[in-house]
Amino acid sequence: MLTLDKIYSASYKLKEILRETPMVHAPDLNPDCDIFLKPENLQVTGSFKVRGAYYKLSQLTEEEKKRGVIACSAGNHAQGVALAATKNGIKSLICLPDSAPISKVQATRKYGADICLVDGVYDDAYNRAIELRDREGYTFIHPFDDENVIAGQGTIGLEILNEHPEIDAIVVPVGGGGLISGVAFAAKSLKPDIKVYGVQAKGAPSMKNALEHGRIEMLDSVATIADGIAVKEPGEHTFEYCTKYVDEIVTVSDDEISSAILALIEQQKMIAEGAGAVSVAAVMFNKIPVKGKKVACLVSGGNIDVTILSRVIKRGLLKSGRTCNLNIELIDKPGQLQGVAEILARLGGNVISIHHERANEGADVVGCCLRIVLETKNYEHIEQIKQALKDAGYHLLSTY
């Protein structure tokens with residue numbers, strides 16, 4: 001049974017390994033509420049997962065430790081188990097989906113684990129880990145559906161309320177549900193009137209569906225940039241705790257996640273992975289009722305592959321109106337390009353790239369097309385530029 005005493009016990013035990021992650025005030029992310037970030041992206045191994053993994057391993061019997069441990073993960077639990085096992089002199093084998101970011105795979109290996117890459121997503125890695133456990137006798141360390149793991153994650157709830165007891169709501173990323181189960185249990189045990197909201201990616205709403213339908217269901221597939229929460233099926237324990245202690249679970253799109261990652265970089269100088277940024281995305285885009293409240297957003301991890309980060313930033317710029325692509329139909333005569341350039345310069349649009357070509361088949365024989373990528377301030381700025389071009393007689397073919 002999960003108890004508050006067990007979570008306090010985990011908190012004491014974790015002092016051996018944890019890095020302190022004091023909360024960061026970030027009111028500009030949404031002026032309608034007072035936001036504090038719990039930056040677990042700055043935690044040892046770059047995510048909260050080390051909490052549950054380390055506490056779980058500390059509770060194993062000597063016989064279980066001798067058999068070695070096996071785990072499955074999209075990457076963050078892998079690193080937590082690898083570090084915890086190495087610190088305790090335990091052999092570890094981690095099954096990861098082959099879609100896991102290279103940085104997470106390499107970090108897991110660096111922490112001392114053996115790696116088994118599995119075709120597919122997290123759930124495929126889980127099936128492979130169970131198969132190897134049964135065949136080789138390893139001790140299995142579940143990434144979320146284990147009460148000792150949940151207790152370890154619940155220590156975050158204690159820390160949030162210890163540092164800011166006035167917090168009205170906590171917003172938590174949700175994959176399999178281990179993190180929000182622990183945080184919600186701890187927070188509501190200490191402050192029953194606090195609200196706890198979960199956030200999933202639109203492409204992986206397994207826990208949201210389960211709560212809405214009143215039963216655990218497996219998704220046919222998952223697709224999201226938030227690989228750390230791309231889970232097809234929630235756990236039995238976590239479903240039970242979420243049903244009892246979580247007020248609501250909402251979803252955010254990949255574009256909204258990208259915008260949140262970009263906002264954290266620009267405003268807070270903080271790197272978050274997709275799964276870590278969903279809580280911020282939910283508050284930024286008003287997916288939950290937190291207007292006028294003090295809100296803690298849990299930034300659960302920062303292990304994002306740099307190649308993915310560059311694509312996410314580009315997507316975030318588009319979503320937030322910071323870049324714009326214009327296709328303009330021109331008459332093929334001298335001075336047309338100059339006229340467009342003068343309007344852009346006057347309104348402060350910064351040209352990133354430009355491509356000018358004569359019209360293709362089906363277009364006016366004396367026409368041409370101008371494609372421009374602009375750096376802009378926001379959507380209002382984009383509309384101002386578009387209107388000025390139209391007022392000057394230019395025909396916009398498309399904007400995005």
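Leu 337 counts as partly exposed, at 38% relative accessibility (buried means under 20% relative accessible area, exposed over 50%, partly exposed in between, with a 1.4 Å probe and protein chains only). Keep in mind that this is a predicted model: local features need pLDDT of at least 70 and side-chain atom pairs count only at pLDDT 80 or more, while totals for chains, interfaces and linings use all residues. Residues are numbered from 1 along each chain as its sequence is written, and side-chain values use heavy atoms, with hydrogens and water left out.

**Around Leu 337**
- Leu 337 belongs to helix H14 (residues 336-347); helices (H or I, at least four residues) and strands (E, at least two) are DSSP runs, numbered from the N terminus.
- Together with Val 351 and Ile 354, Leu 337 makes a nonpolar surface patch of about 240 Å².

**The sheet**
- Here 4 strands line up as E5-E4-E3-E6 in an open sheet with parallel pairing (two strands pair if DSSP finds at least two bridges between them).
- At the edges sit strand E5 (114-118) and strand E6 (139-140), each pairing on one side only.
- Strand E4 (residues 92-97) pairs with E5 over 5 bridges, in the parallel sense, and Leu 93 has Asp 114 in E5 as its bridge partner.
- Helix H5 (residues 102-110) packs on the sheet and touches E4 and E5, where contact means heavy atoms within 4.5 Å.
- The direction of H5 makes about 150° with that of E5 (axes are lines fitted to C-alpha atoms, for helices over the stretch in contact, and angles run from 0 to 180 degrees between N-to-C directions).
- Strand E3 (residues 69-72) and E4 share 4 bridges, also parallel, with Val 69 opposite Ser 92 in E4.
- E4 is largely enclosed by the rest of the structure, because 6 of its 6 residues are buried.
- Ser 92, Ile 94 and Leu 96 point one way from E4, and Leu 93, Cys 95 and Pro 97 point the other way.

**Helix H2**
- Helix H2 (residues 49-58) is mostly covered, with 10 of its 10 residues buried; among them are Arg 51, Tyr 54 and Lys 56.
- Those buried residues pack against helix H1 (4-14), strand E2 (34-39), helix H3 (62-66), helix H4 (76-87) and helix H7 (147-163).

**Ser 300**
- Ser 300 lies in the loop between strand E10 (294-299) and helix H13 (306-319), and Ser 300 is buried at a relative accessible area of 6%.
- Leaving aside neighbours within four places in sequence, the contacts of Ser 300 include Glu 40, Phe 48, Pro 173 and Ala 275.

Terms used
Patch = residues over 30% accessible without salt bridge, like charges linked within 9 Å, V, L, I, M, F, W, Y side chains within 5 Å. Areas by Shrake-Rupley, 256 points an atom, 1.4 Å probe, with all protein chains shown as cover. Salt bridge = Lys/Arg side-chain N within 4 Å of Asp/Glu carboxyl O.
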